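Subject: Structure handover

Hello,

The structure we discussed is below, followed by notes on what was found in it. Please read the notes with the model open.

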Amino acid sequence: MGNRTEDIVSVILKSVRQVIVDHDVTYDEYQTAKQWLIDVGESEEWPLLLDVFIESTIEEQAFKSRMGSVGTILGPFYLPDAPVLEAPYEMPRRPDEKGDPLVLTGRVVSSADGRPLPGAVLDVWQADAEGRYSGFSDIPEGILRGKVVTDGDGRFQLRTIAPGPYTIPHEGPTGRLIAACGWHPWRPAHIHLLVGAEGHESLTTQLYSDTSAYLDDDIASAVKKELIIHPERHESDPQLGIDTSHLHADYDFSLDPARERAAVT
Ligand code: MBD
Ligand code: FE
């Protein structure tokens, strides 16, 4: 049996050494890079940096043979303890929450046979209209985070606001790197979802509006065409009991049956 850690670490080191040789990296540059890595740790930006630049490749590799809906990266701002919402599934918002009202509806089904999955849970989190996440900014705890449960037909609905265009935090070392490279720190506006159901693999995903900027150059490389939604403007929706102007998007999630896992002994 080979040593997987040694296999991987040795090629990483070999690649880094090769970059130094090929680009004639100087002693000054080495010391600058070392201090930058120290700064990433001290500012607690490792989750941000890794999820922005590495997670998309991990995600694609991990799920390349998934049959159900495509997913994308989790990112650094998920918090597991959001409340389970009740009908009519209003996402927790401040009284003066800015942003266009958005209603998201759809179904959760099994990829094995298309059967609807009642009792599936959609754990949803998003930034506010100004691109800030609760728990990671000064907007109050619990805002724009909540869990929705599917009904007997596998259907769900969520009433929220359209998130604003989003820049990743860029005052710290991750932002300094992005600026030094001449890149921008923006992501398209997005809503995160973690969808789970009994007997099925969970799906980590994000939805992007077709009107959002940066769909083609997301700094986190996490957009996939299947994840772009097309919200429509409605002045009311008698079926849902909504009598005000809002955007509506419908999206179905298909989950793979749970894989066999090696027994832990
Ligand atoms: C985010 O909100 C995000 O979704 C990702 C992937 C990276 C940084 C901030
Ligand atoms: Fe995000």
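Helices here are DSSP runs of H or I with at least four residues, numbered from the N terminus. With that convention, α2 provides the largest share of the lining of the largest pocket, namely six residues. Please keep in mind that this is a predicted model.

Overall layout

The chain has five helices and twelve strands. Its C-alpha trace spans about 70 × 50 × 30 Å along the principal axes. The chain has 265 residues, and 41% of them count as buried. If one takes the contacts between residues at least 6 apart in sequence, 70% join residues at least 24 apart.

The largest pocket

The volume of the largest pocket is about 430 Å³. Its lining consists of 15 residues, and those nearest the centre are Val16, Glu29, Ala33, Lys34 and Leu37. Besides α2 (27-42), the elements that each supply at least two lining residues are α1 (4-22) and α3. By class, the lining of this pocket holds twelve nonpolar residues, one polar residue and two charged residues.

The cavity

How many cavities of 30 Å³ or more does the structure hold? There is one. The largest cavity has a volume of about 100 Å³. It is lined by 15 residues, with Gly75, Pro76, Tyr166, Ile168 and Arg187 the closest to its centre. Of the elements, α3 gives the most, with three residues. The lining of the largest cavity divides into nine nonpolar, four polar and two charged residues.

The α3/α5 pair

On the α3 side the contact is made by Leu48, Leu49 and Phe53, and on the α5 side by Thr174, Leu177 and Ile178. Of these contact residues, five are nonpolar, one is polar and none is charged.

Within α5, the buried residues are Pro173, Thr174, Gly175 and Ile178. Just after α5, Gly182 has a positive phi of about 80 degrees.

Lys98

One residue in a loop is also listed here. Lys98 sits between α4 (55-62) and β1 (101-110). Is Lys98 buried or exposed? The cut-off for exposed is over 50% relative accessible area; Lys98 has 53% and is therefore exposed. Leaving aside residues up to four places away in sequence, Lys98 touches Ala129, Glu130 and Ile161. Lys147 is 49 residues from Lys98 along the chain, and their C-alpha atoms are separated by 21 Å.

Regards

Terms used
Residues numbered from 1 in each chain as written. Chains lettered and ligands numbered in written order. Predicted model: local features only at pLDDT ≥ 70, side-chain atom pairs only at ≥ 80, totals over all residues. Heavy atoms only, no water. 1 Å grid on protein atoms, 1.4 Å probe; cavity = no way out; pocket = protein on both sides within 12 Å on 5 of 7 lines; lining within 4 Å. Points joined across faces, edges and corners; volume = space filled by probe spheres on them. Nonpolar A, V, L, I, M, F, W, Y, C, P; charged D, E, K, R; others polar. Contact = heavy atoms within 4.5 Å. Buried < 20%, exposed > 50% of the residue type's maximum accessible area, 1.4 Å probe, protein only.
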